[in-house]
Amino acid sequence: MPIPALSRRARIVLVAIVVVIVLLILVGSMSSLFVDWKWYDSIGRGDVFSTVLGTRVLLFFTFGVLMAVVLGANLVIAYRSRPTFHPMSQEQASLERYRTAIEPRRRLALVVACVVIGLLTAVAAQARWQTWLLFFNRTPFHVRDPQFHKDISFYAFTYPFERMILSYLFVAVFLSLLGAIALHYLFGGLRVQGPGEKVTRAARAHLSVLLGVFVLLKVIAYYLDRFGVLFSGRGGITGASYTDVNATLPAKAILFFVALICAIAFIANVVFRNFALPAIALVLLVLSSVLIGGAYPAIVQQFSVRPNANEKERPYIERNILATRGAFGIGNVKYQLYNATTSTASAEQHKISADAGTIPNARLLDPNVLAPTFDQLQRIRNYYSFSDKLDIDRYTVGGKTQDYVVGVRELDPSKLASNQTNWINKHLVYTHGNGFVAAPANTVNQGAPQFTTYDLPNRSTVSSMLPKQPRIYFGELFGDDYAIVGKNAAQGNVEVDYQANNGTDVKTAYTGTGGVKLGGLVNRLAFAIKYRERNILLSSRISSDSKILFVRDPRDRVRKAAPFLQVDGDPYPAVVNGRIVWIVDGYTTSDGYPYSERQTLGDLTKDSLTGRGTSRQPQQQFNYIRNSVKATVDAYDGTVTLYQFDKVDPVLQTWMKIFPKLIKPESAISPALRAHFRYPEDLFKVQRDLIASYHVSDPVQFFNSQNFWQVPTDPTAFGPTGQAQPQPPYFLLAQGVNQTQPTFQLTTALTALNRPNMAAYVSVSSDPGTYGKIQVLELPGDSSVSGPVQAQSQFTSNTDVASSIKLLQGGNSEVIFGNLLTLPVAGGLLYVEPLYVQGQGVAYPLLRKVLVLFGANVGYDNTLPLALTDMFASPGGQTNPPGGGTNPPPSSTPPSTGPPSSSAPPPGGGTPSVAAAVADIQAALAHLKLATQRGDFEGIGAAQKELAAAIAEFQAATGRSPTATPTG
């Protein structure tokens, strides 16, 4: 039955609807493309836009047209080879109705089918622009795989390209085969019922060729599969296992020849006109695939490998270990045995007290806790705010390096009051943040940070930390919001800058180079369409000199400027040469490094801070990573600058061939900027997770997971879902083992696998001279040193600490545990944890107590020096300062159980030597109290030495020990 024709009016309406839809799609796409072009042009990166767009257009039309042509050609061949007459049968009678309906619209249907399939293919192909560009600009790694001895660049660049081409060929032939079968059946070339031959000669020839080509592509696939075996996971690790090398590879070779014979048989059927031969060949291929390709490797794995897996897999595990270490940059890690002591004898006490490189720099301000404190004390105006997670950086002042908690006072659009949220206020008046804020990480003032850079307008006690341009137009809190800036000839300066002392708003106008000018109807129309905001088109407050600022998040700007990079989840601000810049770490990654263990980026970089000031990484598979790019984003004008930071990374070298003007050489990095580079956190999180297992070099031990470590859970925090999350690494200014001065380090603890005991301490330097050097202090396997979770448990189970916390929680106050720091000190490991209290009347955390732990001894007091003194006096210490206890600090008046006062008759007959010893003990106690109150670590150490000598003198004179009885 023929399809009824549409009326003329219906056809007009239908065409109009289609035209309108197409126009809307085109206008939206073209406006988005135009806005992107203007953005790239505004940052001087038009070459990135043109290269990416040109490649995508090339792939779109190349693959789309080829797919449409291949499919169309086969459909035309199938139609033109249709038989002239059809034997009468019920089947053909039923098909006749469809032939009658399709025939008048045959060409239209053919064109529509080919265009739709071509478009779908084109859209998919243009998304593979990176694979295309990497192949044509590939750079050798100069490292060869251990199986086929090919350069790694083949697997990273060539192999993915070949697979991409092969997949599109498969799709083209498969769709052509389906279309040909359908048309041959519809027009009688292929029949199921009726007398005579079921397949015409033309249909047989056409289908035989298509099947032959399809199987020929399978031949190529079997050849490429051999290289894909190097990414197998059969042996429990990434890489070809014993079974893969000794069973799968031979099977692939056999299947290659079987498939080749099958392909020849199909093509030969064009001449022999008998499906028996290709049918036999096809059955042989299927049976071979099942038996040789599937069953044989499974049998080898089950009966040969599993009973002796540790020996069979040994050489392949060795390959995996070497490849993984090289691909993740952990091949040159320095391992050092660290037989950590847990003793608090006098020798360890003296070492801790005399430490001048680590303990005085111990970071008591937790940047993950103090955002509300910064917000309350330095927000100034309701619409300003700080990121949920502040940052740690270091500055050198007077020749001394000090780490600081830093943040910038950003505009937070979500904090605008209801009368400030109209379109003009939101996008033209409240446009930017203002000011850099910093406080030393080891100093507090009545529990609050002791700010060195503060207030609005910015003031600072350190000239190098006072920005000359403090305005923040680009930051982490803007989200997708945009601002329209620039001086308006009619209204003058309209952007609120800060509030003067008299309460009036000081106005300013943006004069930076960043942003896209809104002069001209086309620009305003394009942005009005992008943001679906007619005011951009109609507002009289927008002049020809106005600029629109968008893509304002530093991570987004770097990612858009260099779309091939993964960027670190935690950009941080720094004052460099008087300007505030965001420093962003960029990673080049690949999933094509043979034998290297494949990982998921999002899983390895997730910790208790992810999603709370630190961006989550994508769930991307990779097995090679380098921090090859350091990027900066100017907080005022948005300038994006990329610097090469790894001269030997072949992935970056390849991208630099593609975008030769995008990345500046490492020599362009100024010393002032380099001084603020930090070792990237996400890279370190990836590396520490791998070091936990890949520090093991023996393949048999590795196979049995012997001596494996793990990242401990964060005992002080939980993730958004309430589940325990891995402990994040911490930046510290500390003097490491065998170091002569403090360095700025990124550190982490590792515990034994499935045990809470401490197993290793990992640190990596961020200082320019030793940047990237990873050191692992490896504790003996039988070590009893507490891990972070155990340390936290010892804190909270201590009776003095528990009772004090209960008091601090009175009146609905909240006790917040800060970051639990692990510090290698005095031949052992010292835990330091700040404790904050957020009261009901004070809506921000203040430092109230400090917890310390060395061995089994817990210290707890108002300051770190007092907490250390309390730790020495706690039970378990072999020598305790007289007057030991938790609070208050030791008094100069000895307790009744200690040595007698000078007014009492001295023991032992009151000899002058005894009296002198007692006087020395009292003097030492006074010195210890004074040094403790001042926080003078050197003084504390000297006083303790003085006290030890006086006690020895007293013992020699009396034969008695004046040591006080330890108190809980």
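Biologist: Which residues lie nearest the centre of the second largest pocket, and how many residues line it?

Modeller: In this predicted model, the second largest pocket is lined by 24 residues, and Gly329, Asp646, Tyr679, Tyr771 and Gly772 lie nearest its centre. A pocket is an open set of points on a 1 Å grid over the protein atoms alone, reached by a 1.4 Å probe and with protein on both sides within 12 Å along at least five of seven lines, while lining residues have an atom within 4 Å of a point. The space in this pocket is about 710 Å³, a volume being that filled by probe spheres set on grid points joined across faces, edges and corners.

Residues are numbered from 1 along each chain as its sequence is written. Local features need pLDDT of at least 70 and side-chain atom pairs pLDDT 80 or more, whereas totals for chains, interfaces and linings use all residues, and side-chain values use heavy atoms, without hydrogens and water.

Biologist: Which element gives the most to the lining of the second largest pocket?

Modeller: Strand 23 does, with three residues; strand 23 (624–634) and helix 21 (681–694) are the elements that give two or more. Such elements are DSSP runs numbered from the N terminus, helices being H or I of at least four residues and strands E of at least two. The lining has 12 nonpolar, seven polar and five charged residues, where Ala, Val, Leu, Ile, Met, Phe, Trp, Tyr, Cys and Pro are nonpolar, Asp, Glu, Lys and Arg charged, and the others, Gly among them, polar.

Biologist: What lines the largest pocket, and how many of its residues lie in each class?

Modeller: The largest pocket holds about 1,000 Å³ of space and is lined by 23 residues, with Leu26, Ser29, Leu33, Phe60 and Gln126 nearest its centre. Two or more lining residues come from each of helix 1, helix 2 (46–80), helix 4 (106–126) and helix 17, and helix 1 gives the most, with nine residues. By class, 17 are nonpolar, two polar and four charged.

Biologist: At what angle do the axes of helix 1 and helix 17 cross?

Modeller: With axes fitted as lines to C-alpha atoms over the stretch in contact, and angles from 0 to 180 degrees between N-to-C directions, helix 1 (residues 8–42) and helix 17 (residues 554–561) cross at roughly 100 degrees, their axes coming within 11 Å. Contact (heavy atoms within 4.5 Å) is made by Asp36, Trp39 and Tyr40 of helix 1 and Arg557, Lys560 and Ala561 of helix 17. These residues divide into three nonpolar, no polar and three charged.
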